[in-house]
Amino acid sequence: TVKPQAMARFETEKTYVMVKPDGVQRGLVGNIISRFETKGFHLKGLKLFQCPKELAETHYGDLSEKPFFPDLVDYIVSGPVVCMVWEGPGVVKSARKLIGATNPLESEPGTIRGDLAIEVGRNVVHGSDSVENGEKEIGLWFGDEGVIEWEQAMSPWLRE
Ligand code: GDP
Ligand code: MG
């Protein structure tokens with residue numbers, strides 16, 4: 001029989017990660033993708049996309065009462081974004097760690113925001129904050145086309 005801890009390693013989840021317009025304009029797309037790719041997560045969706053205003057408003061719906069909400073929506077639609085779905089064990093929490101704290105001045109060095117940004121309103125990247133919101137956001141941003149299910153050849157070198 002397989003121990004519960006061993007089982008947990010095989011459980012996998014998906015998260016929605018997005019390079020925001022400042023990250024795209026600043027030429028940081030490769031750098032950001034590289035961190036998830038070299039960590040060992042599995043790329044399931046990827047596109048350059050011009051976000052319509054309604055989608056930005058829905059995506060950040062929980063923040064609609066915040067004073068910065070109109071600026072946040074303007075920021076997200078100000079240029080193309082890069083939308084991604086990454087899969088792996090614990091990927092939601094791990095992606096948030098790789099991304100760093102919301103305010104880049106409080107993000108640890110070594111994180112994306114800690115290394116590449118200085119202001120909360122230009123913090124280069126988004127990552128889902130829970131498995132449930134990840135599913136919701138993947139539906140929102142990839143609902144039409146869905147994600148691609150494919151086998152990663154190196155998976156036996158990443159997963160015991
Ligand atoms: P995240 O999950 O770390 O991205 O942070 P939140 O979900 O709390 O906020 C969503 C996004 O709104 C952040 O990534 C920022 O781009 C923006 N934001 C959050 N707080 C502030 C703020 O106080 N001022 C401004 N200008 N933007 C903010
Ligand atoms: Mg958030």
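Tutor: The residues around ligand 1 are Leu63, Phe68, Asp71, Leu72, Thr102, Val120, Gly121, Asn123, His126 and Asp129, where a residue is near a molecule or strand if its C-beta atom, placed from the backbone, lies within 6 Å of it. Do keep in mind that this is a predicted model, in which local features need pLDDT of at least 70 and side-chain atom pairs count only at pLDDT 80 or more, while totals for chains, interfaces and linings use all residues. Residues are numbered from 1 along each chain as its sequence is written, and chains are lettered from A and ligands numbered from 1 in the order in which they are written.

By class, the shell of ligand 1 holds 4 nonpolar, 4 polar and 2 charged residues. Here Ala, Val, Leu, Ile, Met, Phe, Trp, Tyr, Cys and Pro count as nonpolar, Asp, Glu, Lys and Arg as charged, and the others, Gly among them, as polar.

Let's begin with His126, one of the residues around ligand 1. UniProt lists His126 under "active site" in an unreviewed entry; its positions are in the numbering used here, feature names are shortened, and annotations may be inferred rather than shown by experiment. His126 belongs to strand S4 (residues 125-127). Helices (H or I, at least four residues) and strands (E, at least two) are DSSP runs, numbered from the N terminus. His126 counts as buried because it has 22 C-beta neighbours inside 10 Å. The cut-offs are 20 or more other C-beta atoms within 10 Å for buried, 12 or fewer for exposed, and partly exposed in between, with C-beta atoms placed from the backbone. Setting aside neighbours within four places in sequence, His126 is in contact with Val17, Met18 and Lys20; contact asks for C-beta atoms, placed from the backbone, within 7 Å.

Val124, in the loop between H7 and S4, has a phi near 55°, a positive value in a residue other than glycine. Val124 is also buried, with 26 C-beta neighbours inside 10 Å.

S4 pairs with S1 in the antiparallel sense over 3 bridges, pairing being at least two DSSP bridges between two strands. Val19 has Val125 of S4 as its bridge partner. S1 (residues 13-19) is in turn joined to S3 by 7 bridges, again antiparallel; Val17 stands opposite Met84 in S3, and Tyr16 is partnered by Val85. On S1, 6 of the 7 residues are buried.

S3 is mostly covered as well, with 7 of its 8 residues buried. Strand S2 (residues 42-49) runs antiparallel to S3 and is joined to it by 7 bridges, with Lys47 opposite Cys83.

Now back to the ligand shell, this time by way of Asp71 and Leu72. Leu72 is buried in helix H5 (residues 69-76), together with Val73 and Ile76. Those buried residues fall within an arc of 95° seen down the axis of H5, so they line one face of the helix; the arc is that of the directions from the helix axis to the C-beta atoms. An α-helix has 3.6 residues a turn, so residues three or four places apart point the same way. Pro70 and Asp71 are exposed on the other side of H5. The buried residues of H5 pack against helix H2 (21-25), helix H4 (53-59) and strand S3 (81-88).

In H6 (residues 91-99), Val91, Val92, Ala95, Leu98 and Ile99 are buried. Viewed down the axis of H6, they fall within an arc of 125°, so they too line one face of their helix. Their packing partners are S1, helix H3 (29-39), S3, helix H7 (112-116), S4 and helix H8 (131-142).

Technical notes: Contact = placed C-beta atoms within 7 Å.
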